[in-house]
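Please look at the side-chain contacts of the model shown here, and consider which parts of the chain they join.

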Amino acid sequence: MERMDFSKVTFGDGMRRLCMGQSPFFTVVFVVFLLITSPVRAAELQGPIVVELFTSQSCSSCPEADRLLTEIAHNPDKGLIVLGCHVTYWDHLRWKDTLSLSACTERQRDYAGILEQSQSYTPNMVVNGLSSFIGSRKSNLEPALRKAREKNDVASIKVSMTEAGYEIA
């Protein structure tokens with residue numbers, strides 16, 4: 001199977017691959033789109049909340065945040081998608097984080113810009129792209145989850161078949 005760098009794939013590229021039947025990833029995405037566009041009113045839907053922890057094996061403050069992330073990941077009642085994202089900027093300290101990805105570092109820097117943070121740091125927890133805080137501070141998690149639930153609108157996406165392929169509106 002072809003290995004793909006998803007950070008450089010545009011939506012159009014993905015749809016072309018889907019139409020040509022070359023990528024199981026985009027087939028799954030398409031099925032999700034079909035499920036989302038089923039005849040259910042958007043007001044009845046509540047999407048999951050994404051919790052991301054930017055962490056590193058080289059960060060001495062991160063184990064507590066890693067434990068908190070594990071704790072919330074094992075709580076099925078919260079409707080959360082929980083992600084641990086190991087950054088690369090700690091790799092220069094004679095230790096390379098074996099889980100670090102440059103895509104995680106870039107993603108955290110993007111959040112820092114969007115959320116108007118002066119710098120990136122670990123442990124850093126981001127909830128639904130709306131709230132950012134020191135990842136080991138459990139007291140900040142519940143207010144961030146509440147804020148995410150209040151603003152957690154589900155998008156309506158229309159998918160239709162044309163002669164040229166699929167059209168998404």
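Is Arg107 buried, partly exposed or exposed? Arg107 is partly exposed, with a relative accessible area of 39%, where buried means under 20% relative accessible area, exposed over 50% and partly exposed in between (1.4 Å probe, protein chains only). This is a predicted model, in which local features need pLDDT of at least 70 and side-chain atom pairs count only at pLDDT 80 or more, while totals for chains, interfaces and linings use all residues. Residues are numbered from 1 along each chain as its sequence is written, and side-chain values use heavy atoms, with hydrogens and water left out.

The side chain of Arg107 meets that of Glu52 in a salt bridge at 2.5 Å, N to O, the term standing for a side-chain nitrogen of Lys or Arg within 4 Å of a carboxyl oxygen of Asp or Glu. Because Glu52 belongs to strand β1 (residues 49–55) and Arg107 to helix α4 (residues 102–114), the pair ties together parts that are 55 residues apart in sequence; helices (H or I, at least four residues) and strands (E, at least two) are DSSP runs, numbered from the N terminus. Glu52 is buried, with a relative accessible area of 1%.

A search of the whole structure finds three salt bridges, among them the one between Lys138 and Glu71 (2.7 Å, N to O). Lys138 lies in helix α5 (residues 138–150) and Glu71 in helix α3 (residues 62–73), so this pair ties together parts that are 67 residues apart in sequence. Glu71 is partly exposed, at a relative accessible area of 44%. Asp91 and Lys96 also form a salt bridge through their side chains, at 3.6 Å, N to O.
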